[in-house]
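Dear colleague,

I am handing over the structure below, and my notes on it follow. Please read them with the model open beside you.

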Amino acid sequence: MTNNTTELTGDGPVGAPVLRTITIGDVKACLSDGWGDFLAHPGFGLFFGGIYMLGGLAIVGFVNSIGQPWMIIPLAIGFPLLGPFVAVGLYEISRRRNEGEPVTRKGVLAQVFHQRERQLGWMAFVVMFIFWVWIYQVRLLFALFLGFKSFSSWDRFTEIMLSTPEGWGFLAVGTLVGGVLALVLFSTTVISLPMLAEREVDFVTAMITSVAMVVKNPVPMLTFGFIVGLSTLVALLPAFLGLLVVLPVLGHATWHLYRRAAAGG
């Protein structure tokens, strides 16, 4: 794997790659390349996407078993936040295809397990922290807007959310807070995760570089983030089945975005 490191010229810290200016055209090309990678090795994509589909179904079963069906929404939305860590395997597939190396099951899975010894593990704590902040703020807003009401069924919860001022307030404020958290998470991980999968660099440097990339290219990067968020939400609707395809394609696309964003990448 490459290990090119160059001092940034005002865009980020020493040890990170120089950041390029990208366009909406680059975002489209990355998505196209991601789709191409998925079609070239669909078995890997379905395997990694299947992990999240099964996880989503497990979440539904769990919240129903404890009598809190309303928790399906925050957990289902927050669960894909953990997707980038399974995406390490997808990054490796894209890297191997890009460099003309053979794509083998042993090689890809070895790279995934190898990350336990590198800085990517520390990013897990960052993402999990944001995930739990998301869950905590949902429960806090629920208590503020809806008190201690109990919803024994999904139909009753939906009725309250869509037909009462308290429900509207909960959805409005929750969406706003969730959007801020999503922006923070996207900005700190979109470049840092594939960078950590490829380079020997500390996770703080990777996060700073990722944020710098979003600041340097706000329109194309936020467009990519919007596509990621919308695609993931749509993928959740048909019993999480959409994750089988959407997450692998987005994982591959994120790798290509990183390669276009980082000089020497």
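At what angle do helix α8 and helix α10 pack, and how far apart are their axes? Helix α8 (residues 165–189) and helix α10 (residues 203–216) pack at about 110°, and their axes lie 6 Å apart; axes are lines fitted to C-alpha atoms, for helices over the stretch in contact, with angles from 0 to 180 degrees between N-to-C directions. The two helices α8 and α10 are therefore roughly perpendicular (65 to 115 degrees). Helices here are DSSP runs of H or I with at least four residues, numbered from the N terminus.

On the α8 side, Phe186, Ser187, Thr188 and Thr189 are in contact with Met207, Ser210, Val211 and Val214 of α10, contact meaning heavy atoms within 4.5 Å. The contact of α8 with α10 comprises four nonpolar, four polar and no charged residues.

This is a predicted model, in which local features need pLDDT of at least 70 and side-chain atom pairs count only at pLDDT 80 or more, while totals for chains, interfaces and linings use all residues. Residues are numbered from 1 along each chain as its sequence is written, and side-chain values use heavy atoms, leaving out hydrogens and water.

The chain averages a pLDDT (the predictor's confidence in each residue, from 0 to 100) of 79, and 78% of the residues score at least 70. Confidence is lowest in helix α3 (residues 72–78), with a mean of 63, and highest in helix α1 (residues 24–40), at 95.

Finally, Thr232 lies in helix α11 (residues 218–236) and, at 11% relative accessibility, counts as buried (under 20% relative accessible area, 1.4 Å probe, protein chains only).

Best regards

Key:
Angles under 35 degrees count as roughly parallel, over 145 as roughly antiparallel, 65 to 115 as roughly perpendicular and the rest as oblique. Ala, Val, Leu, Ile, Met, Phe, Trp, Tyr, Cys and Pro count as nonpolar, Asp, Glu, Lys and Arg as charged, and the others, Gly among them, as polar. Buried means under 20% relative accessible area, exposed over 50%, partly exposed in between (1.4 Å probe, protein chains only).
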